[in-house]
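This briefing goes through a structure topic by topic. Please have the sequence and the coordinates open while reading.

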Amino acid sequence: MVKYFSNDVDIRTTWDHVVSAFWQRYPNPFSTHVLTEDVVLREVTADQRLLSRRLLTKTNRMPRWAEFLFPSNLSRSVYIVEDSVVDPVTKSLTTYTWNLNHTTLMTVEERCVFQESEDRPAFTLLRREAWISSGVYGFSRPIQVQHRCSTEQHNRKYHSPRAAIGQASPRAAIGQASPRAAIGQASPRAAIGQASPRAAIGQASPRAAIGQAQTSYRTVLSPCMDSVHPGLK
Amino acid sequence: MLIVLKMNSVGEDCTDLKREYDQCFNRWFAEKFLKEDRSGDPCTEMFKKYQHCVQKAIKEKNIPIDGVEFMGPNKEKPDS
């Protein structure tokens, strides 16, 4: 089953600045698990749009119980593809990001549209959407529980440009050292993430399972390009 | 002392080429592309060298990116 998230953010920064910063968002203090970044495709189309593909690799950190259950995932990095289209005429940037491997564990897809605000050109509107699915029993419930918290916090808020381009983590929202940090960070947790053993594998009481998930899970909806990271406290 | 942090390439030997290209691209992007100036891309040669290196590294590491359709998974999603 696929879980869908979306939220809208107004960024108090011009679209030109947002897009320029998009290319420079790594590294930043919140992306310590992004190991490498490469542009592997780039072309300007006949209608003057810029197509790009970036390949990112991230560490994959799993708790010990997950290492035991998914030994083949253990040491392999997560490969993430980020495809993007910049349209300088309509002032829109659309990005689509997903993980290439570890897909039996979880697939995370994220689409972001950065659009210059028509009535307020000093602002950029960002709509983020994510589709998350996991075939692993027990994972989908923790993701569902957390989903309500993170999207409600971030609907239609006027953030500082840095927080807005950023993410759901409160720490990041308070502000960051560098504009690059603002635009992108990854949760410090693994891209594919971690689960409390009890929540994931299942428990005696469903209520205990939800409780565990609520206290133990922190979903950081990445700022458009990193994956959604279920995190374990 | 100014410490500038930069990302590495997935190909260890490609990092310098990557950074050189990125610098060229960022300048071109802000000064030309966004201003709809189509007077030519000064980064083409740099990009070729960088790509030659990184594509080799991708093959060596068996990264399954070859043949992946541009924005493939987006096709089956409704427009936002």
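A residue counts as buried when its relative accessible area is under 20%, as exposed when it is over 50%, and as partly exposed in between. By that rule Cys24(B) and Cys43(B) are both buried. The model is predicted.

**Disulfides**

- A search of the whole structure finds two disulfides over all chains.
- One joins Cys24(B) to Cys43(B), with an S to S distance of 2.1 Å.
- This link connects distant parts of the chain: Cys24(B) belongs to helix 1 of chain B, Cys43(B) to the loop between helix 1 and helix 2 of chain B, and the two are 19 residues apart.
- The link of Cys24(B) and Cys43(B) is left-handed, with -95 degrees about the S-S bond.
- Cys14(B) and Cys53(B) form a disulfide as well, their sulfur atoms lying 2.0 Å apart.
- Here too the pair links distant parts of the chain: Cys14(B) is in the segment before helix 1 of chain B, and Cys53(B) is in helix 2 (residues 44–60) of chain B, 39 residues apart.
- The torsion about the S-S bond of Cys14(B) and Cys53(B) is about -85 degrees, so this disulfide is left-handed.
- Cys14(B) has a relative accessible area of 2% and Cys53(B) one of 17%; with the limit for buried at under 20%, Cys14(B) is therefore buried, and so is Cys53(B).
- With bonded cysteines counted along the chain, the disulfides of chain B follow the pattern 1-4, 2-3.

**Contact between chain A and chain B**

- Chain A brings 46 residues to the contact and chain B brings 39 residues.
- About 3,400 Å² is buried between chain A and chain B, and carbon and sulfur atoms give 66% of that area.
- Asp38(A), Arg42(A) and Arg111(A) supply 14% of the area that chain A buries against chain B, more than any other three residues.
- Arg42(A) also has its charged end over the ring of Trp23(A), 4.6 Å from the ring centre.

**Nonpolar core**

- In soluble globular proteins, nonpolar side chains tend to be buried together.
- In this model the largest nonpolar core has 40 residues, and Val86(A) and Phe29(B) have the most contacts inside it.
- Helix 1 (residues 15–31) of chain B gives the most to this core, with five residues.
- Which residues does Phe29(B) touch, not counting residues up to four places away in sequence? They are Val19(A), Ser20(A), Trp23(A), Leu50(A), Val86(A) and Leu34(B).

**Aromatic residues**

- One aromatic cluster is formed by Phe22(A), Trp23(A), Tyr21(B), Phe25(B), Trp28(B), Phe29(B), Phe33(B), Phe47(B) and Tyr50(B).
- The count of aromatic pairs over all chains comes to 13.
- One of these is a tilted pair of Tyr4(A) and Trp131(A), 5.5 Å centre to centre with 50 degrees between the planes.
- This pair links distant parts of the chain, with Tyr4(A) in strand 1 (residues 2–11) of chain A and Trp131(A) in strand 7 (residues 124–133) of chain A, 127 residues apart.
- Tyr4(A) is partly exposed at a relative accessible area of 38%, whereas Trp131(A) counts as buried at 9%.
- The charged end of Arg120(A) sits over the ring of Phe123(A), 4.2 Å from its centre.

**Make-up of chain A**

- Chain A has eight helices and ten strands.
- Of its 233 residues, 62% count as buried.
- Among contacts in chain A with a separation of 6 or more, 65% come from residues 24 or more positions apart.
- Six of the eight residues of helix 1 (residues 15–22) of chain A are buried, so this helix is largely enclosed by the rest of the structure.
- The buried residues of helix 1 of chain A are Trp15(A), Val18(A), Val19(A), Ser20(A), Ala21(A) and Phe22(A).
- Arg128(A) lies in strand 7 of chain A and is buried, with a relative accessible area of 2%.
- The C-alpha atoms of Arg128(A) and Tyr96(A) are separated by 10.0 Å, and the two residues are 32 residues apart along the chain.

Technical notes: Residues are numbered from 1 along each chain as its sequence is written. Chains are lettered from A and ligands numbered from 1 in the order in which they are written. This is a predicted model: local features need pLDDT of at least 70, side-chain atom pairs count only at pLDDT 80 or more; totals for chains, interfaces and linings use all residues. Side-chain values use heavy atoms; hydrogens and water are left out. Rings of Phe, Tyr and Trp (its six-membered ring) pair if their centres lie within 6.5 Å; planes under 30 degrees apart count as stacked, over 60 as edge-to-face and the rest as tilted. Helices (H or I, at least four residues) and strands (E, at least two) are DSSP runs, numbered from the N terminus. Buried means under 20% relative accessible area, exposed over 50%, partly exposed in between (1.4 Å probe, protein chains only). A charge sits over a ring if NZ of Lys or CZ of Arg is within 6 Å of the ring centre and within 35 degrees of the ring normal. A nonpolar core is a set of buried Ala, Val, Leu, Ile, Met, Phe, Trp, Tyr and Cys residues joined through side-chain atoms within 4.5 Å. Contact means heavy atoms within 4.5 Å. A disulfide is a pair of cysteine sulfur atoms within 2.5 Å. Buried area is the accessible area (1.4 Å probe) that two parts lose on being put together, summed over both.
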